[in-house]
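Work through the exercises below with the sequence and the model side by side, and try each task before you read its solution.

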Amino acid sequence: MSIRDVFITAVRRCPSLPESARDAGAAFEGIEEKVCDSTYLDFLDEQIQLNARGDEWSDRLRRRRAGLADWCDRPLIFGRVLVDADEYWVRVDPQTNEVVYWEVYADINA
């Protein structure tokens with residue numbers, strides 16, 4: 001199965017994602033396998049500490065860091081799911097074919 005197929009299947013089976021994101025009509029983009037290493041976590045720590053974009057953004061980065069910390073130095077399938085004006089950033093473990101982290105940017109295309 002291709003990484004695209006793994007990604008789409010995992011998204012469609014993920015109960016924590018809204019139905020609109022799991023729906024067959026959603027657009028799937030930017031699907032690639034990558035590894036987040038400790039330098040990315042260090043970058044997130046720095047951005048959180050700087051708080052340059054405000055508390056709401058820093059809270060998002062804290063959640064992202066917490067969600068990805070256990071996946072440091074392990075391959076994940078990264079991709080985006082576009083639903084109307086919302087964009088979901090989704091990370092899938094290619095070993096288990098399960099979504100391990102996701103976040104949404106609401107009204108990004110509005």
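**Exercise 1.** What covers the buried residues of α1?

Solution. This is a predicted model, in which local features need pLDDT of at least 70, side-chain atom pairs count only at pLDDT 80 or more, and totals for chains, interfaces and linings use all residues. Residues are numbered from 1 along each chain as its sequence is written, and side-chain values use heavy atoms, with hydrogens and water left out. Begin with helix α1 (residues 3-13), whose buried residues are Val6, Phe7, Ile8, Ala10 and Val11; buried means under 20% relative accessible area, exposed over 50%, and partly exposed in between (1.4 Å probe, protein chains only). Helices (H or I, at least four residues) and strands (E, at least two) are DSSP runs, numbered from the N terminus. The cover, counted by contact (heavy atoms within 4.5 Å), includes α2 (19-22), β1 (27-35), β2, β3 (86-93) and β4 (98-105).

**Exercise 2.** Where is asparagine 51 placed, and is asparagine 51 buried or partly exposed?

Solution. Asparagine 51 lies in the loop between α3 (38-50) and α4, and with a relative accessibility of 28% it counts as partly exposed. Its phi is positive, about 50°, although asparagine 51 is not a glycine. Most residues other than glycine have a negative phi.

**Exercise 3.** Where is aspartate 84 placed, and is aspartate 84 buried or exposed?

Solution. Aspartate 84 belongs to the loop between β2 and β3, where its relative accessibility of 76% makes it count as exposed. The phi of aspartate 84, a residue other than glycine, is likewise positive, near 50°.
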